[in-house]
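Dear colleague,

I am handing over the structure we spoke about, and my notes follow directly below it. Please read them with the model open beside you.

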Amino acid sequence: MAALRNLTRREYRLLEAFASSLGVSVRAIALNPMALVVPGARYFDVFDVPLKILQSLGVVGGSVYAAGFYIGYIEEFSFTPSLALSQRLSRLCGHGVDCIVVDSEGERFFLYGRRVHEDHLVKWLPGLRPVVNEAGEALGWGSGAVVESRGISFKIVEPVKDLGWYLRRGG
Amino acid sequence: MASWSSVDSVVFRVRASPEAARLAEKYGYRPENVERYIDVLGPLEARELLEANEEPMAQSFRCNSYRIECGHLRERLEGKGFVLEEIPFTGYGYYATEAPFSLGSTHEYLQGYYYVQGPASMVVVEMLDPAPGETILDAAAAPGGKATQIQQFTRDSSILIAVDRSRKRLRALRSHMQRMGFSNYVILLADSRKLPPGIVADRVLLDAPSTGEGVIRRDPSRKHSRGVEDLAEVHRLQYELARAVVRHVRRGGVLVYASCSLGPEEGELVIHKLVTENDNVRVEDPGVQAGSPAIPGFRGVEFDRSVRRCVRFWPHIQGTEGFFMCKLSVV
């Protein structure tokens with residue numbers, strides 16, 4: 001039966017390190033991060049559980065499937081952020097969080113889970129970043145990288161998790 | 001507890017008149033189901049219902065005003081070639097009378113700006129009328145149409161306890177809650193007949209599992225997929241759920257019961273049994289200006305007079321999916 005618990009110090013440090021890599025404090029990601037642990041599972045989900053929901057958990061019993069804002073999951077001491085977190089952080093793009101920005105054609109590629117090439121990148125950054133369109137709407141998480149082809153270097157963004165997932169897998 | 005076996009034996013009798021058999025063959029239904037429609041509506045109106053069920057429904061959706069201003073969403077979708085029309089009896093609903101592609105595949109959908117939902121289905125939460133700060137129990141919540149609407153209407157400030165017993169369907173519920181930007185909720189994998197007694201809500205919604213007879217226009221296989229025996233089984237589940245969730249409504253609180261159905265077995269009969277057995281449960285004014293009055297009786301069984309305050313949506317009258325909904329108070 002799944003149960004919510006507080007993060008261990010080590011797990012919390014993972015979140016801190018992730019937040020730091022984006023240039024924000026962990027409080028920009030979650031005020032009250034908690035782990036939803038399913039016995040025997042290889043990973044566990046992390047939710048930002050609002051206080052009022054936390055209080056209600058005392059009466060709902062032990063069959064919690066989700067609670068609060070889903071921020072990602074932890075597997076073998078590695079944190080993977082959720083799509084919902086990219087939406088939360090997209091509001092901070094240019095205000096503390098550095099985001100990758102793609103044009104409308106790049107948006108289409110990205111949402112189909114395809115690589116975005118340099119000519120559709122409005123703003124490129126290396127590493128894992130929230131990806132937004134030119135209107136500032138979140139599209140998911142992408143990883144900025146430089147690839148070489150025939151001796152020429154190109155900047156690209158590889159989708160790590162894009163909103164198209166809601167159609168492909170999310171129901 | 002009252003014994004309902006004599007009532008059930010009348011209501012769930014399998015029979016079909018020659019007229020029902022003829023119409024059933026013409027429209028592709030089980031004869032006993034057409035007989036039920038004739039018993040409720042009379043032969044002429046039953047035929048109108050069968051005709052209306054032949055017309056596919058326009059796609060419709062509910063704008064998520066929590067994430068986007070609805071006029072802006074409309075402009076964006078119209079810019080992509082959708083022809084939209086406001087649904088007159090809902091606050092945030094639109095028909096897509098022309099759609100260049102599926103409503104479920106736009107970027108706006110992925111951004112959580114709307115939920116693809118039937119027009120009558122949208123009225124259920126308007127009837128529930130949730131307020132910010134309240135504790136709301138959605139007792140059969142997946143896949144999430146009404147749960148997301150509750151959070152939209154309360155600006156994500158109600159404490160929503162969303163329950164369903166299907167893990168597969170809960171996955172969709174969780175996905176919709178995330179996509180549409182909500183966070184003040186807890187989702188339970190549980191059977192709402194067996195919830196802990198400590199759960200007490202200001203408002204409880206039971207959009208009961210149903211035969212799905214109300215969505216024949218979208219899924220014609222439902223014309224013949226369920227017979228009267230299935231209907232009796234679904235009714236029993238609905239009634240057990242309704243009796244169980246009453247215990248989780250705080251005194252003075254509200255229960256809205258709904259089912260996507262055409263027949264009284266999944267609507268009026270459930271409410272009739274509920275109010276007959278429970279002195280503290282009363283049918284209230286629906287508080288919505290849409291729909292038709294409920295069915296007063298069926299096959300000689302006259303329902304409690306208060307049941308007439310419940311509301312029905314019909315394919316041949318409102319042009320929607322078939323739906324039953326009823327607002328009750330627990331005193």
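Predicted model: local features only at pLDDT ≥ 70, side-chain atom pairs only at ≥ 80, totals over all residues.

**Helix 9 of chain B**

Residues are numbered from 1 along each chain as its sequence is written, chains are lettered from A and ligands numbered from 1 in the order in which they are written, and side-chain values use heavy atoms, with hydrogens and water left out.

The buried residues of this helix are Leu170(B), Ala172(B), Leu173(B), Arg174(B), Ser175(B), His176(B), Met177(B), Gln178(B) and Arg179(B); buried means under 20% relative accessible area, exposed over 50%, and partly exposed in between, with a 1.4 Å probe and protein chains only. Just after helix 9 of chain B comes Gly181(B), which takes a positive phi of about 90 degrees.

**Helices 2 and 3 of chain B**

Helix 2 (residues 18-27) and helix 3 (residues 31-41) of chain B have axes that come within 8 Å and cross at roughly 115 degrees, where axes are lines fitted to C-alpha atoms, for helices over the stretch in contact, and angles run from 0 to 180 degrees between N-to-C directions. The crossing of these two helices is right-handed, a crossing being left-handed if the near helix is turned anticlockwise from the far one by less than a right angle, and right-handed if clockwise. On the side of helix 2 of chain B the contact (heavy atoms within 4.5 Å) is made by Glu19(B), Ala20(B), Ala21(B), Leu23(B) and Ala24(B), and on the side of helix 3 of chain B by Pro31(B), Val34(B), Glu35(B) and Ile38(B).

Helix 3 of chain B is mostly covered, with 8 of its 11 residues buried, namely Glu32(B), Asn33(B), Val34(B), Glu35(B), Arg36(B), Tyr37(B), Ile38(B) and Leu41(B). The cover over these buried residues includes helix 2, helix 4 (43-52), helix 10 (228-246) and strand 12 (297-298) of chain B. Just after helix 3 of chain B, Gly42(B) has a positive phi of about 85 degrees.

In the loop between helix 2 and helix 3 of chain B lies Arg30(B), which is partly exposed, with a relative accessible area of 29%. Leaving aside residues up to four places away in sequence, Arg30(B) touches Ala24(B), Lys223(B), His224(B), Ser225(B), Arg226(B) and Gly227(B). Although Arg30(B) and Arg222(B) are 192 residues apart in sequence, they are 9.9 Å apart in space, C-alpha to C-alpha.

**Disulfides**

Counting a disulfide as a pair of cysteine sulfur atoms within 2.5 Å, there are 3 disulfides over all chains. In chain A, Cys93(A) and Cys99(A) are joined with their sulfur atoms 1.9 Å apart, and this disulfide is left-handed because the torsion about its S-S bond is about -85 degrees. Cys99(A) is buried, with a relative accessible area of 2%.

In chain B, a disulfide joins Cys63(B) to Cys70(B), S to S 2.1 Å, and with -95 degrees about the S-S bond this link is left-handed. Cys63(B) is buried at 0% relative accessibility, and Cys70(B) is buried at 12%. Another disulfide joins Cys310(B) to Cys326(B), S to S 2.1 Å. That pair links distant parts of the chain, 16 residues apart, with Cys310(B) in the loop between strand 13 (301-302) and strand 14 (311-313) of chain B and Cys326(B) in strand 15 (residues 323-330) of chain B.

**Chain A as a whole**

Chain A has 5 helices and 12 strands, and its C-alpha atoms fill a box of roughly 60 × 30 × 30 Å, taken along the principal axes. Of the 171 residues in chain A, 49% are buried.

With best wishes

Notes
Helix = DSSP H or I, 4+ residues; strand = E, 2+ residues; numbered from the N terminus.
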